[in-house]
Amino acid sequence: MSTENEGTAVPPAPSAPPVPVDAPAASAPQASVAGAPTTPIPPTPPNASGAAPGPELVHAGPAPAYASAEGGAQQGAGGAPQYPGPGPEGAWPPPQNPGTPSYGDGGAGGAGGVGAGGVWGAGYQQPAPKPKSGRGGLVAAILVAALVAGGLGGGLGYTLAKNNDDGSSTTLSASESGGSVKRDAGTVAGVAQKALPSTVTIEAESTSGEGGTGTGFVFDTQGHIVTNNHVVAEAVDGGKLTATFPNGKKYDAEVVGHAQGYDVAVIKLKNAPSDLRPLTLGNSDQVAVGDSTIAIGAPFGLSNTVTTGIISAKNRPVASSDGSGSNASYMSALQTDASINPGNSGGPLLDAQGNVIGINSAIQSTSGGGLGGTSQSGSIGLGFAIPINQAKYVAQQLIQTGKPVYAKIGASVSLEDSSGGAKITTEGAGGSAPVEAGGPAAKAGLKPGDVITKLDDHVIDSGPTLIGEIWTHKPGDKVKITYERDGRTHTVDLTLGSRTGDS
């Protein structure tokens with residue numbers, strides 16, 4: 001289900017609770033949440049073929065640049081790369097909704113209600129919300145709230161002054177209290193205060209004027225910014241790229257290198273300032289489930305937004321698309337429930353000490369809300385980030401050579417829905433051999449029809465899982481492959497080869 005913040009006005013609270021009256025219980029609205037889509041994963045990069053299994057994951061950005069729809073050219077969750085809806089009608093205060101949407105195809109969450117008996121304002125009927133759309137609706141709601149608050153304050157001030165005007169004047173002095181506010185380094189506020197100056201909101205625009213908004217963070221003092229490939233893809237071929245810091249300073253930028261398969265890109269600021277402060281990179285291998293997370297980004301164009309959560313899973317195999325069905329990225333991701341939405345893509349996922357542990361890239365999409373559709377889905381608590389250990393290696397390669405380098409086994413695997421492993425196909429991509437002659441798989445004795453079930457100690461349940469796991473390694477790394485052939489299990493050591501570029 002995809003809902004947007006409609007900015008529904010909430011009626012003012014009564015100055016005192018009304019006397020309880022007997023009235024029928026207000027019923028809560030039914031919340032229906034569609035489950036994971038069944039849209040096939042887009043084609044794999046070279047050396048893989050078929051259709052990937054599982055629910056579709058979309059990039060978390062870029063967010064639409066005002067009136068333009070996000071067309072992020074590559075991956076993510078998420079996606080990669082999406083909003084709360086209007087409040088329920090009924091009693092005042094509104095009834096709580098304890099219903100929890102189910103996760104699954106066609107699933108729907110029940111809606112809780114208020115039990116029978118007298119409730120405050122049971123007869124009150126909240127006005128029906130007026131439909132608005134996207135970011136414009138949110139901005140309009142904020143402006144209306146500001147105007148109403150300003151009018152209310154002014155009106156009260158005038159009334160009080162008029163009623164107490166007896167021709168004399170009185171000078172009042174407010175007492176000083178509270179003291180200074182100290183935000184310790186280990187608090188969320190402390191981490192945000194330190195990290196925000198090193199994040200940027202990225203606007204990418206193609207030569208045709210299409211584009212969107214994403215996020216990035218300072219990688220070094222030379223002006224390199226790390227982000228997602230799908231955030232900047234529109235500006236790769238002669239487009240326009242800008243990066244804006246929280247202090248309002250805006251810089252033109254250029255793409256240094258981009259990796260579609262990894263969904264990582266590096267851009268460089270033109271005339272970069274001399275006081276850049278790179279964010280400290282953590283160690284994503286040491287992250288544990290339950291660790292606190294802090295995400296920074298520009299969800300739906302709302303720059304410098306900070307959200308919090310935890311690491312809810314590790315080594316999550318993710319094959320994500322931009323919703324167009326033409327591009328796919330693969331990762332063994334960090335999963336977080338920190339709120340991530342379109343526009344968060346490319347932003348840092350921080351630990352409790354402010355170290356970057358991942359790049360926010362993808363989100364789980366509910367049906368009907370893919371980023372390539374007419375509406376954009378929002379956070380449902382399933383966001384995915386590229387582990388920083390992998391992203392750091394990719395970024396360094398892009399800065400040095402401008403091209404990504406991928407580890408490979410030299411065999412094509414099926415991307416069909418399967419839980420039994422990654423099956424080496426009988427035909428390679430584009431008519432090539434399924435097992436590359438002289439490649440790592442051939443040297444290890446692997447053949448078409450073999451089903452790979454483990455890479456080292458990691459269980460492999462599908463082709464995308466194998467690809468994502470291989471790409472966490474570097475060319476030349478030695479891994480142990482467990483596979484099945486003719487009902488028997490075999491184990492073999494394999495040295496990963498390399499492939500340069502996305503083509």
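Mentor: Before we start, one cut-off: a residue counts as buried when its relative accessible area is under 20%. Also keep in mind that this is a predicted model.

Trainee: What is Ser206 in contact with, leaving aside its neighbours within four places in sequence?

Mentor: That would be Glu234 and Gly239. There's also a polar contact of 2.9 Å between the side chains of Ser206 and Ser208.

Trainee: Let's zoom out. How many helices and strands does the protein chain have?

Mentor: The protein chain has 6 helices and 23 strands. It runs to 503 residues, and 46% of them count as buried.

Trainee: What about the accessible surface of the chain?

Mentor: The accessible surface is about 23600 Å², with 52% of that belonging to carbon and sulfur atoms.

Trainee: Which strand does E10 pair with over 2 bridges?

Mentor: E10 pairs with strand E13 (residues 348–350), in the antiparallel sense. If you want a spot to look at, Ile294 has Leu350 in E13 as its bridge partner.

Trainee: Now the end of the chain. Which residues of E23 are on the covered face, and which on the uncovered one?

Mentor: In strand E23 (residues 497–500), Gly497 and Arg499 make up the covered face, while Ser498 and Thr500 are on the uncovered one.

Trainee: Why that every-other-one pattern?

Mentor: Because side chains in a regular strand alternate between the two faces of the sheet.

Trainee: What does E23 pair with over 4 bridges?

Mentor: With strand E16 (residues 405–408), in the antiparallel sense. There, Val405 stands opposite Thr500 of E23.

Trainee: Helices next. How many residues does H4 have, and how far does it reach?

Mentor: Helix H4 (residues 388–401) has 14 residues and reaches 20 Å from its first C-alpha to its last, close to the expected 20 Å.

Trainee: Which residues in H4 are buried?

Mentor: Among them are Ile388, Tyr393, Val394 and Leu398, and the list also includes Gln390 and Gln397.

Trainee: What comes just after H4?

Mentor: Gly402 sits there, with a positive phi of about 80°.

How values were computed. Residues are numbered from 1 along each chain as its sequence is written. This is a predicted model: local features need pLDDT of at least 70, side-chain atom pairs count only at pLDDT 80 or more; totals for chains, interfaces and linings use all residues. Side-chain values use heavy atoms; hydrogens and water are left out. Buried means under 20% relative accessible area, exposed over 50%, partly exposed in between (1.4 Å probe, protein chains only). Accessible areas come from the Shrake-Rupley method with a 1.4 Å probe; for residues, only the protein chains shown count as cover. Two strands pair if DSSP finds at least two bridges between them. The expected span of a helix is 1.5 Å times one less than its number of residues. A polar contact is a pair of N or O atoms within 3.5 Å; within protein, one must be able to donate a hydrogen and the other to accept it, and residues adjacent in sequence count only if both atoms are side-chain atoms. Contact means heavy atoms within 4.5 Å.
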